[in-house]
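Please read the points below alongside the sequence and the 3D view. They are meant for someone meeting this structure for the first time.

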Amino acid sequence: MTRPSEPFSTVSPPAGPDLLIGEVRTALLQHSVALPRAAAGQLLQLRHGERVRTSERPSGQAVSPDLLTGVDCPLPTASGRAVRGVGTATSRAVLTEGRLLQASVRVRIAATGGSLRLPWGHYLARPGTVEPSGRLAGADLVDGHLSADRLPGGALDLGAIAERLLTDLQGRRVLDRRAPFRSRRTRLLWTATRAEPGGDGPGALFTIEDGTLRTLRLTLERVDPVAVAAFCEDLALHDWLLTTLVQLVERSGLGSAPGPEPLLRLRPAVDHLLHLWMPGARVDRALAPIWAGLETRPGFTRQWAATVQRIRDHLALQAIGLPAHSYQGD
Amino acid sequence: MLIFAISDKGGTGRSVTSANIAYRRALPGADVCYLDFDFGSPTSAAVFDVPSALRGTEQAGLHSYLRGEVAEPQRIDIWAETESAGLRPRPAQAGQLVLLPGDRGGGEFVLGSDTVRRCADLFLRLEEEFEITLVDLSAGRSYAAQLVLEATALPELSSVTARWLVFHRWTRQHIIAAAGLVYGDRGIMATGASRGHERDRLRDSVRFVRAAVPSPSSPMFAELRPAQALWLSICDEDLTRLASEHKLGPMLTLGTVPLDPVLQWREQLITDEDVLSSQVANLETAQAFADLAAALTDDRRWQSPL
Ligand SMILES: Nc1ncnc2c1ncn2[C@@H]1O[C@H](COP(=O)(O)OP(=O)(O)O)[C@@H](O)[C@H]1O
Ligand SMILES: [Mg+2]
């Protein structure tokens, strides 16, 4: 999945498509225990005869084969310009540590396309690519995709594809539907464009739009669809972990409610989430600097570590029989 | 947990009471969502005071979702979008309070297996996130009631707890009609059994709620002449007997909401501010909603009375 970056990439001309758009939805698997490897393989067997890829290091992960979804609809342009797109979207499901389930959908936007729709064979020969029906400014599509929530419906909606995949998997009979706690699904809408010579260098702009929606604009030297999708999945996973942990702590009453109640309420987080934090561990080397940048701002690991420390401090105080609030002021 | 709110007749107080129950449940910290399945007369936007829902839900409401036109129905965060000043901002400890409105104009359905499938998917999806999913159904033997009875009979939903609240007013006609809706011809029991529900389990998941009940001891009746007070309490006894005869007795009644002057005039949520500061609503009303909210998940109240 994380293909090592090619040794020649610094000297060869920028390769790959100019523009990728995608969405990742992340949820807690609706199952009482971490799904064992064999069952995970079975769950993610979305295409008959195609292998589910699994890896054990640095954490257990299973990745479904790619699915293709036919697309023939208006593209989401911020300007409202009517540009049709025809082709296919690539989607896949990822299960990490048998616990966190993600649906990840992406589309490569071809630079040009004809105004006439071609036979499907043409599009199937270019899996995961959508051809626009006319001229299209990349920035218009980037802005349109990232604000898809506020646009009128009917345009290409990667979220709908992701949502269906998640719902399908969460409803499977192998899952007992007794998740250890309730949680919200999060959404990461992302775009990746190639850095223009003379323009801004490579970088990432991550924005928290609301309680569950995040957007990410990536500008890269080289846009490798597989590596970029894996990067976004990793980011979405850690954003979900942080969002969920912070919310559990907020709602537990830690630091405000007396007695052991808050910590008891945090028990599932301690049992099931804390060990999942491994940011960037699966990310392509070429994209590692982007993760490093996001660690500086907004600083995922800093906030995670502070929250975990807070829980641990309370646990320690509770263990020696000293309620954490008993010495707070008078 | 899924909670279905139903009544035989319209105008019983089902929507207003269930919205208040959802609100009272969310206040101390539960995540609650409220689904407006009253396809005939969706009123939730008015009760929660979210006019934006009325304007914005021409396309992406529950109707469109169930017809397969959108992948997800629109969600409205009540704390953020209500125009009622008394409900904002979100109280510190409160959980999510989310409304899934119906489409304006509603529209027709075909009760096909696709619709049932989508309905079941939605319930499972909401179970992932919300402690309480409260579904306000249409009055009577409706399409909506049939739909949820079919969806909850699917094997995927067998591990999800589903409970029914049957709302009725405290009159002869309403008591008889509510009993008919549950136990009678084409009622919940009969329809449920024909869709594959286990009879005893379904019966034990039904409780009644008496809405807008004039209580002789209420401050509203402090001015009654002795003859009037006597008459009221004789009626009350008659109705109590009638209810027991129709299997709507105290064991199967989850709560009673008194007649409230505010709700008499206006469909709304009763806040603590309404009760304590401005004192326009009665404390007993707010207390009844809070008790019902707690009773939803109080297993002692849902033990088989047999
Ligand atoms: N406890 C109550 N006291 C007085 N009026 C009430 C009470 N509960 C509801 N109402 C009023 O009864 C009317 C019908 O209520 P509504 O919830 O819309 O009924 P339904 O959903 O059953 O059709 C509304 O005007 C409402 O404000
Ligand atoms: Mg109503």
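The numbered points that follow cover the ligand, the aromatic rings and some details of the backbone.

1. Basis of the note. This is a predicted model, in which local features need pLDDT of at least 70 and side-chain atom pairs count only at pLDDT 80 or more, while totals for chains, interfaces and linings use all residues. Residues are numbered from 1 along each chain as its sequence is written, chains are lettered from A and ligands numbered from 1 in the order in which they are written, and side-chain values use heavy atoms, with hydrogens and water left out.

2. Shell around ligand 1. The ligand is surrounded by 17 residues (a residue is near if one of its heavy atoms lies within 4 Å). Gly11(B), Thr12(B), Ser15(B), Val16(B) and Leu263(B) are the closest. By class, the shell holds six nonpolar, six polar and five charged residues (nonpolar: Ala, Val, Leu, Ile, Met, Phe, Trp, Tyr, Cys and Pro; charged: Asp, Glu, Lys and Arg; polar: the others, Gly among them).

3. Elements behind the shell. At least two shell residues each come from helix 1 (14-26), strand 8 (253-258) and helix 12 (261-265) of chain B (helices, H or I, of at least four residues and strands, E, of at least two are DSSP runs numbered from the N terminus). Helix 1 of chain B gives the largest share, three residues.

4. Polar contacts of ligand 1 (pairs of N or O atoms within 3.5 Å; within protein, one must be able to donate a hydrogen and the other to accept it, and residues adjacent in sequence count only if both atoms are side-chain atoms). A polar backbone atom of Val16(B) is 2.8 Å from an oxygen atom of the ligand. Side chains also take part: a polar atom of Arg169(B) lies 2.8 Å from a ligand oxygen, and an N or O atom of Glu267(B) is 2.8 Å from a ligand oxygen. On its own, ligand 1 has 560 Å² of accessible area, of which the protein covers 88% (Shrake-Rupley method, 1.4 Å probe; for residues, only the protein chains shown count as cover).

5. Aromatic rings. Over all chains there are 13 aromatic pairs (rings of Phe, Tyr and Trp, the latter by its six-membered ring, with centres within 6.5 Å; planes under 30 degrees apart are stacked, over 60 edge-to-face, the rest tilted). Phe39(B) and Tyr143(B) make a tilted pair, with 6.3 Å between centres and 45° between planes. Phe39(B) is in the loop between strand 2 (32-37) and helix 2 (44-47) of chain B and Tyr143(B) is in helix 7 (residues 143-152), so the pair ties together parts 104 residues apart in sequence. Phe39(B) is buried at 12% relative accessible area, whereas Tyr143(B) is partly exposed at 21% (buried is under 20%, exposed over 50%, partly exposed in between; 1.4 Å probe, protein chains only). Both belong to one aromatic cluster that includes Phe4(B) and Trp164(B).

6. Backbone points to check. Most residues other than glycine have a negative phi, and most peptide bonds are trans. The bond from Arg57(A) to Pro58(A) is cis, with omega near -5°, and Arg88(B) and Pro89(B) are joined by a cis bond with omega about -10°. Glu97(A), not a glycine, has a positive phi of about 50°. Ala212(B) has a positive phi near 55°; this residue is in strand 7 (residues 206-213) of chain B and is buried at 18%.
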